[in-house]
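Subject: Handover of a structure, with notes

Dear colleague,

I am passing on the structure below, and I would be glad if you read the notes that follow with it open beside you.

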Amino acid sequence: MAITAKVVDRPTDEVSYVRATLSGLANTFRHLVDPHKVTVQYPEEQWPVSPRWRGTHRMLTTETGAAKCVACGLCPTVCPANCIKLVPGEDATGNRYPLIFEIDEFRCIFCGYCQEVCPEEAIHLGRHFENAEYSRDRFVYDLARLTSQTHEVSELWDPAHPTGE
Amino acid sequence: MIVPAFASVVDPQLPPSTGVFVVASLIKMVVVFTVYMVSVAMLTLAERKISAWIQDRRGPNRAGPMGLLQPAADGVKNIMKEETYPDAADRVLFVLAPALAFIPAMITWAVIPLGSPLPTPWGRIDLVVADLPIGFLFTLAISSLGVYGIVLAGWASNSKYSLLGGLRSSAQMVSYEISMGLGAIAVLLLAGNVSIDTIIQQQATQGWNVFLLSIACFVFIIASFAETNRLPFDMPEAESELVAGYHAEYSAMKFSLFFIAEYANMITASALIVTLFFGGWDIPFTLWDNTAPWSPLKSALTFGAFVTKLAFFLFFFMWIRWTLPRFRYDQLMSLGWKLLLPLSLVYVVLIAALSLALDRAGVGRGPLFGVILFGINIVLVGLLAFIADRGRLVSPATSRLDRRRVAALQSRVPPVVPASGAD
């Protein structure tokens, strides 16, 4: 393919600085009196978060209130950041459940693999990002904290989209 | 001496006795200083608000209603911060420089009249801290001192960026001081006196100097921008080149003082522009406010007129700052030496010849004098605009390439490039 040159219709050297200055002043003045401002007053107003936003984790529960997790060990295996600590246990009827399930939110890279790999749809990422704390150890979320959170969970893909599943 | 002076009631229209004068001067000093410092604080807020609005933002609005307590918050922050001293700095000058930058801006205010004289039971009080008979020369002398603070700050910091900032500042001040002085000489030619009171009275009778001496006003305003180191002339602190320029090594309240000095200079420059070219406290189109008998109502109204004009110019300073980009240093120098200086020189000669000719022709210094000067002024401004803008004032702001050249360039057959192996 031959190379083509795009000739741009640029102003030549003889330009009027007086007019340019005046039109610049008029432009800034228009913005000055324009009541429309783009600032979002953050704590009071917030932008909507995308349904695919991957934020703070949640563990979903069954009707009885127990975590859905069956301690299969897939999420700590798939986790690229190695931020999930899982110690499995077994009850009298032989059902597996997590003795310890901790997620270190500092190590987490919010890739969403844990949610994708979970066979029970138990661990989810959430549409939530305001997780400030006063100490570092508060960022290791244990099972009780993961199950007690109520924010909406993330949709990793759009089910309506033709390529989504 | 003072108590009996207040006990005796004198004619309110006559100058007061010495004792009353001393007490009144002290009160005026305290009031002017307080109002001045508060307006400097408010200006820092105004600057941030106006910059925000121009950029479609909201500006500070968390501290107090509409962000009105923001200056207080900034002040507290700056006082609480740590004072740092560079190892190799000259301690004495390093500490002295911020004060030297700030004080001249404030001293200039002593001679600026804020309104018509106020009659009181103890005599007539002029609304000016010190009514110097050489008021205008005083402002010129003091405003030149402002550069010392900046140069000393640059030198005492012992840092290359600071030094360059200080050097730039002094070069800039020297270049623009001349044009500023020459621009103001035209005013003195019309007033025939260097007392600021006379200059205001002259503008009340002949018309504001901005309409009689537009070119001098133009030169003076541009030079004022350069003298206050405001954009587009903020070369001494050019952030993108010199980190922060002359105050790069300063912290805490010493840094804050430079900031205060900048706004203080801005108020002073605006006050000078208003006084010399926009009639000072004169209310336009009327003469009743300029003549005795004086009354408190007149004082209040003329003070209001002065503050309104001042506020407009403060806004103008900020408006320009958030519109225009910074000059390159050679552009700054060529504007100062190649345009403003010859222009103001020629203009002074022209105005001197004109007023001499009008005096010889028997036209008294009155309204008629003003009308004739106004007519001539319009011609001169048109001429200057035409020359300075290279005849492009009425044509489009930018001239496009010739259409035929564009067509020729676009239809040109592009050179054949040998195809590479991969493609």
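A crossing of two helices is called left-handed if the near helix is turned anticlockwise from the far one by less than a right angle, and right-handed if clockwise. This is a predicted model, in which local features need pLDDT of at least 70 and side-chain atom pairs count only at pLDDT 80 or more, while totals for chains, interfaces and linings use all residues. Residues are numbered from 1 along each chain as its sequence is written, chains are lettered from A and ligands numbered from 1 in the order in which they are written, and side-chain values use heavy atoms, with hydrogens and water left out.

Helix packing in chain B

Helices (H or I, at least four residues) and strands (E, at least two) are DSSP runs, numbered from the N terminus. The axes, which are lines fitted to C-alpha atoms over the stretch in contact, with angles from 0 to 180 degrees between N-to-C directions, show helix H4 (residues 91-107) of chain B and helix H5 (residues 135-156) of chain B coming within 8 Å and crossing at roughly 160°. H4(B) and H5(B) are therefore roughly antiparallel, a word kept for angles over 145 degrees, just as roughly parallel is kept for those under 35. H4(B) also packs with H11(B) at an angle of about 20°, the axes being 8 Å apart, and this makes H4(B) roughly parallel to H11(B). The crossing of H4(B) and H5(B) is left-handed, and that of H4(B) and H11(B) is left-handed too.

Phe277(B) belongs to helix H11 (residues 252-277) of chain B and, at 0% relative accessibility, counts as buried, where buried means under 20% relative accessible area, exposed over 50% and partly exposed in between (1.4 Å probe, protein chains only). The C-alpha atoms of Phe277(B) and Ile221(B) are separated by 9.7 Å, although these residues are 56 apart along the chain. Val31(B), by contrast, sits in helix H2 (residues 18-54) of chain B and counts as partly exposed at 45% relative accessibility.

Strand S3 in chain A

Tyr97(A) lies in strand S3 of chain A and, with 35% relative accessibility, counts as partly exposed. The largest share of a nonpolar patch, three residues, comes from this strand S3 (residues 96-104) of chain A.

With best wishes

Notes. Parallel < 35°, antiparallel > 145°, perpendicular 65-115°, else oblique.
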